Amino acid sequence: MTTDAALLALAALAHPTRLNAFRLLVRHEPKGLSTGQLVEHSGLTQSTFSTHLAVLAKAGLVQSEKRGRNIIQRADIDALRGLMLFLAKDCCEGRAELCEPLLAELACC
């Protein structure tokens, strides 16, 4: 992941509505959620939420797919992995024992 891509993803997640929506989508992987379900969960109007969804999609964090009459939104787990690796790549200057607690917490996911 490039620095620009990481900044775009972090900026997209730096809003409560988008962060909550992304975390909700991560919890619903691999099935995803319909756009309507996300709107309902957010409590926002369709048009307002669509703006937030577009920011997440532009950052590469969310993908949509058409299933019948519904548009299903899914978290891009590869993008999440890339962002997490970008942030932790130089963790502890190569001293793996300092990163073990972080890895242990992620292992239970």
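Trainee: Where is Val-55 found?
Mentor: Val-55 sits in helix 4. Bear in mind throughout that this is a predicted model.

Trainee: Is Val-55 buried, exposed or partly exposed?
Mentor: Val-55 has a relative accessible area of 30%, so it counts as partly exposed.

Trainee: What is Val-55 in contact with, leaving aside its neighbours within four places in sequence?
Mentor: Ala-12 and Arg-18 are in contact with Val-55 on that count.

Trainee: Which hand is the crossing of helix 2 and helix 4?
Mentor: That crossing is right-handed.

Trainee: Which residues make the contact?
Mentor: From helix 2, Thr-17, Arg-18 and Ala-21; from helix 4, Phe-49, His-52, Val-55 and Leu-56. Sorted by class, the contact of helix 2 with helix 4 has four nonpolar residues, two polar and one charged.

Trainee: What about helix 1 and helix 2, how do their axes cross?
Mentor: They cross at roughly 100° and come within 7 Å. Helix 1 and helix 2 are therefore roughly perpendicular to each other.

Trainee: Which residues are in that contact?
Mentor: Helix 1 supplies Ala-11, Ala-12 and Leu-13, and helix 2 supplies Arg-18, Leu-19 and Phe-22. The contact of helix 1 with helix 2 has five nonpolar residues, no polar ones and one charged.

Trainee: Helix 1 also packs against helix 5. At what angle do their axes cross?
Mentor: The axes of helix 1 (residues 3–13) and helix 5 (residues 77–88) cross at roughly 110° and come within 10 Å. That makes helix 1 roughly perpendicular to helix 5.

Trainee: Left-handed or right-handed, for helix 1 passing helix 5?
Mentor: Left-handed.

Trainee: Which residues of helix 1 and helix 5 meet?
Mentor: Thr-3, Ala-6, Ala-9, Leu-10 and Leu-13 from helix 1 meet Leu-83, Phe-86 and Leu-87 from helix 5. The residues of that contact divide into seven nonpolar and one polar, with no charged residue.

Trainee: Changing topic. Which peptide bond is cis?
Mentor: The bond from Glu-29 to Pro-30 is cis, with omega near 5°. Pro-30 is in the loop between helix 2 and strand 1 (33–34).

Trainee: There is another loop I wanted to check. Where is the place of Glu-93?
Mentor: Glu-93 is in the loop between helix 5 and helix 6 (96–107). At 77% relative accessibility, Glu-93 counts as exposed.

Trainee: How far apart are Glu-93 and Leu-61?
Mentor: They are 28 Å apart in space, C-alpha to C-alpha, and 32 residues apart in sequence.

Trainee: Last thing, the whole chain. How many helices and strands are there?
Mentor: The protein chain has six helices and three strands. Their order along the sequence is α-α-β-α-α-β-β-α-α.

Trainee: What does the C-alpha trace span along its principal axes?
Mentor: About 50 × 30 × 25 Å.

Trainee: And how much of the chain counts as buried?
Mentor: Of its 109 residues, 28% count as buried. As for contacts between residues at least 6 apart in sequence, 57% join residues at least 24 apart.

How values were computed
Residues numbered from 1 in each chain as written. Predicted model: local features only at pLDDT ≥ 70, side-chain atom pairs only at ≥ 80, totals over all residues. Heavy atoms only, no water. Axes fitted to C-alpha atoms, helices over the stretch in contact; angles between N-to-C directions. Helix = DSSP H or I, 4+ residues; strand = E, 2+ residues; numbered from the N terminus. Parallel < 35°, antiparallel > 145°, perpendicular 65-115°, else oblique. Left-handed = near helix turned anticlockwise from the far one by under 90°. Contact = heavy atoms within 4.5 Å. Nonpolar A, V, L, I, M, F, W, Y, C, P; charged D, E, K, R; others polar. Buried < 20%, exposed > 50% of the residue type's maximum accessible area, 1.4 Å probe, protein only.
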